Amino acid sequence: MAIWNVTSAQHLLSRCLFGYTSRDITLALSYTKNDYVNKVLLAPVTAPAPPGNWINEEPALADSATRATRQKDLVNWWIQLMLQDNSLQEKMVLFWHNHFVSEMIKVAHPQHMYWQNHLFRTHAFGNFRTLTKAVTTNAAMLIYLDGISNTKNKPNENYARELLELFTLGIGNYTDTDVKEAARALTGWQVDKLRPFLNPGKFDNTSKTFLGKTENYNHDTLIDAIFKSPKTAEHICTKLYKEFICSKTDAPFIKQMATVLLDADYEIKPLLAFMLNSDHFYDTRFIGSKIKSPVDLLVGTLKAFEVSNPEYNYLADVLRLLQQNLFNPPNVRGWEGQRKWISSSTFPNRQALTDSYINGKRLNGQSIKFQIDGLAYARTYTSCNNAIVFVNEVSTQLVRYPLSANKKNLLLNILLEGTTPTEWSTNSPMAVTRLKNFFKALMRLPEYQLC
Amino acid sequence: MKRREFIRNMGLLGGSMALGLNGIPLKAFSSPLLLNIEQTNGKILVLLQMNGGNDGLNTLIPYEDDLYYNKRPQIGIKKQDVVALNEFTGLNPAMAGFRNLYEDGKLGIVQNVGYENHNRSHFRSTDIWLSGSDADQNLYDGWVGRSLSYMYPDFETDIPEHPMAIQLGAVESMLLQSPIGSMSVVFENPNTFYQMVSGSIADDDPPESTLAGTELAFLRKISSQSTNYASVVKEKADKGKNTVTYPNTSIGKQLAIVASLIAGGLETPVYLTTISGFDTHANQLTAHAKTLTQLSEAITAFQSDLETTGMADRVVLMTFSEFGRRVEENGSRGTDHGTAAPLFVIGKSVSGGIIGGNPNLVNLDKNGDLLHQYDYRQIYTTILQDHLGLNKAKTEAILGKSYEKLNLFHKSAETGFSFAPLQLNKVYPNPFQYSAAFEYELKRSIHIRLSIFDLQGREVAVIYDGLQNAGRHSQHFSNRLATGTYIALLSGEGRQSSKKVVVV
């Protein structure tokens, strides 16, 4: 049985929340591990206030400037929810967004993207088959993968192919003929203003041969057929495994996960509870093995330093630079994560981001409307006037990959700037500058990118 | 830890430790570096990836083929709009700039490029093109990454002064991965790249071989690569000036940066650039015209820039896309995922013209998609040998087997040999019943005779006899010959080139 202590709690929270403070760790440890997972992380979904009344407005009414503003508001609204969330909810909404990808750049109307996001939140821990059915006839998805152009006389394969390849069965578990037949089963769906509806005249109401069985499939029975294959369970479990445990998969454990999911008739909550309570999840070799996503880094750092009023426009700009443009994944496969986040372009951009939090300035020198208060943060540590202990405790709290003695020493030297540990005090006149340099250097370490 | 890995890390660390505390390199890169001809022959390959699956049939249009218009009643490019290249093939009107390249003999086109059992998934097929694998083979590194590991055999211990490859963008491509990791630096803009790496500190902890330790080692390597190369990239970008105005598009900006780095003297032999927007499932006419315009304008500006700066002899640009699209249009005035498509190779050393015939729209696969005529790795092989100068053995090791080269260049960079003044390239289809296309290439304007001989040596048909200009030509032969084997013979100036043909 995995030990429930500061280290394992930090591991759990770093994978399930967008950042945490030492108070969050204390709170987690006040529960048993099972209770914390089931009652806090998997607490019933809460519906936040929407970003504006425009979500119910007929899409065509807005001019392009209004639309652009609302698109920005939508992104900012979601970043704020992530910053405020203390459960697994928003992480799962992001997971579903990255699974059932739609890109706002094609869907265009932020209303549709809002309602799709709402769908992901409603079903965040719900039933995977129910969610897949809902996504299949969701307006944003119908627009994004050309479902609205898929008609009896002229089928369009775009959605059918990605449904099988990326959303459910996985590549290799169907044929090109299955794609064509599935496309026929999905014909006839259209979008009227905000409302998707089935136009019976455009639906191919004849039999289709799909995965070796012939019947008159429609959007509903087609999904049922897809979910009869255990490949669908394995496919989604592999993706969850990579998101929450490790990018290198473990086939036997994924098999166990798939069994749990199939036994629960595709309910996601029991699967998440199983995964997050398993000994496998807490295996120490996984600690610090995940490369933070841009959202993990950007929101997580704010949360760790207790910045509650950031400038959301700035955060959205940086997310684009770091290649996690919310509501606009790069393509229908979504963000692949792990090493794909890192290149000689994004890595320095990540360092520039954490620098900017400390400096209160963008890379180009322009001010941003918030800043990490390094001194105030340091003083939340009782050890703040004992340089050696302080460097140790801060590293343990902020960095998941254990820092070597060498690295800690290097950070200590930056903090002391050539003086001795006995001369260090947060009350010394140079403390503010030195703490800035110290926090910048700490977050510039490659280790800081791991969680 | 393996010794090799240890040495590599030490080498990389050596680079980053040369940085002062504020990130300003202590070692100046001011002296002009001579080309290291042992590593590269000074030739540069610029790859341009067209994301989404470019519709080849609406890019290079078989405008005399009625079947094309039958299968594409709504989205077929009208004959009168086509930018004709010859009597039966023409470009999309959005690519007018390409006609000048073609007429100048700098545009090589290879028709019907693909591979056996073409995959129609964006992601799988992209991986196949990037890795150079067969359809049913999974490779986890790129054909360029593997090529670089042959061009720079000592790169692990002897870090090259200039990046081995540069990718314009933000997410590193599999193309530039070798079996031992990343071979490239990735950035969007040389100036911000330089600015951002300032302030990183040296890292000399030995990496651990744990799960997390290997991820950390990866992060450190990228970090070192960034700091190592940021200053030389900035220096060369500052030095090299663009001599033309590039279109204000993403691909225009990317190629402008590539041209300035080349003009500034950066020795990097491979660049990767990307243009997106080719996944045209619906209402494709306008969208496709837009992306093709961007492509054509950026490439023509790039070529003209290189010619002004005197770099054109060294540089070749090749386009590629994960697949072409379905022959028949879908119901949304778009096209679904398909298979083979044409590919462009552009440069002064390129022997311009069209290799291969128009797509065969009759003989399709069971999905209604084109059958490929050339394997994509034939082009890779040709570029590796005839442009980058790698030998046959290395090319085979890189691509896993031997592929027949195409006549894409005036002479081979590997052997230095010029290709013959005339060459009968292809008879297509072969065997044929009533008609076939005979494709050949002339290096200069000569009087030729193209005819068919039976096995008794009797000339049974003369297809063409007369003076013709340099370049690629194709003649249609249409006549019923008795069933059997024949020799097609192209002759001129005392030289001959022949192919066996079979009439069925």
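Analyst: Helices (H or I, at least four residues) and strands (E, at least two) are DSSP runs, numbered from the N terminus. Residues are numbered from 1 along each chain as its sequence is written, and chains are lettered from A and ligands numbered from 1 in the order in which they are written. The model is a predicted one, in which local features need pLDDT of at least 70 and side-chain atom pairs count only at pLDDT 80 or more, while totals for chains, interfaces and linings use all residues.

User: Thanks. How many helices and strands has chain B?

Analyst: Chain B contains eleven helices and 21 strands. Of its 504 residues, 51% count as buried. A residue is buried if 20 or more other C-beta atoms lie within 10 Å of its own, exposed if 12 or fewer, and partly exposed in between, with C-beta atoms placed from the backbone.

User: What share of the contacts in chain B join residues at least 24 apart?

Analyst: The share is 69%, among contacts between residues at least 6 apart in sequence. Two residues are in contact if their C-beta atoms, placed from the backbone, lie within 7 Å.

User: Which residues are buried in helix H3 of chain B?

Analyst: In H3 of chain B, residues 96-103, the buried ones are B:Gly97, B:Phe98, B:Leu101 and B:Tyr102. Seen down the axis of H3(B), these buried residues fall within an arc of 145°, so they line one face of the helix. The arc is that of the directions from the helix axis to the C-beta atoms.

User: And what covers them?

Analyst: The cover of the buried residues of H3(B) includes strand E4 (90-91), strand E5 (107-114), helix H9 (284-309) and strand E12 (341-346) of chain B. Just after H3(B), B:Gly105 has a positive phi of about 75°.

User: Switching to chain A: which residues other than glycine have a positive phi?

Analyst: Among them are A:Asp146, with phi near 60°, and A:Asp265, with phi of about 50°. A:Asp146 sits in the loop between helix H9 (139-144) and H10 of chain A, and A:Asp265 in the loop between helix H14 (251-263) and helix H15 (268-277) of chain A.

User: Are those two buried or exposed?

Analyst: A:Asp146 counts as buried because it has 25 C-beta neighbours inside 10 Å. A:Asp265 has 11 other C-beta atoms within 10 Å, so it is exposed.

User: Now helix packing. At what angle do H16 and H17 of chain A cross?

Analyst: Two packed helices are described by the angle between their axes and the distance between the axes. For H16 (residues 294-304) and H17 (residues 312-321) of chain A, the axes cross at roughly 150° and come within 10 Å. Therefore H16(A) is roughly antiparallel to H17(A). Axes are lines fitted to C-alpha atoms, for helices over the stretch in contact, and angles run from 0 to 180 degrees between N-to-C directions. Angles under 35 degrees count as roughly parallel, over 145 as roughly antiparallel, 65 to 115 as roughly perpendicular and the rest as oblique.

User: Which residues meet there?

Analyst: A:Pro294, A:Val295 and A:Leu298 of H16(A) meet A:Leu315, A:Val318 and A:Leu319 of H17(A). By class, this contact of H16(A) with H17(A) has six nonpolar, no polar and no charged residues. Ala, Val, Leu, Ile, Met, Phe, Trp, Tyr, Cys and Pro count as nonpolar, Asp, Glu, Lys and Arg as charged, and the others, Gly among them, as polar.

User: What about H5 and H11 in chain B?

Analyst: H5 (residues 143-151) and H11 (residues 392-399) of chain B pack at an angle of about 140°, with their axes 9 Å apart. H5(B) is therefore oblique to H11(B). From H5(B), B:Trp143, B:Arg146, B:Ser147 and B:Tyr150 make the contact with B:Lys394, B:Ile398 and B:Leu399 of H11(B). Four nonpolar, one polar and two charged residues take part in this contact of H5(B) with H11(B).

User: Where are the cis peptide bonds in chain B?

Analyst: One of them runs from B:Tyr428 to B:Pro429, with omega near -5°, and another joins B:Asn430 and B:Pro431, with omega about 5°. B:Pro429 is in the loop between strand E15 (422-428) and strand E16 (435-442) of chain B, and B:Pro431 also lies in the loop between E15 and E16 of chain B.

User: Lastly, how many residues of chain A are in contact with chain B?

Analyst: There are 48 residues of chain A in contact with 42 residues of chain B. On the side of chain A that touches chain B, H18(A) gives the most, with seven residues. That side of chain A has 16 nonpolar, 18 polar and 14 charged residues.
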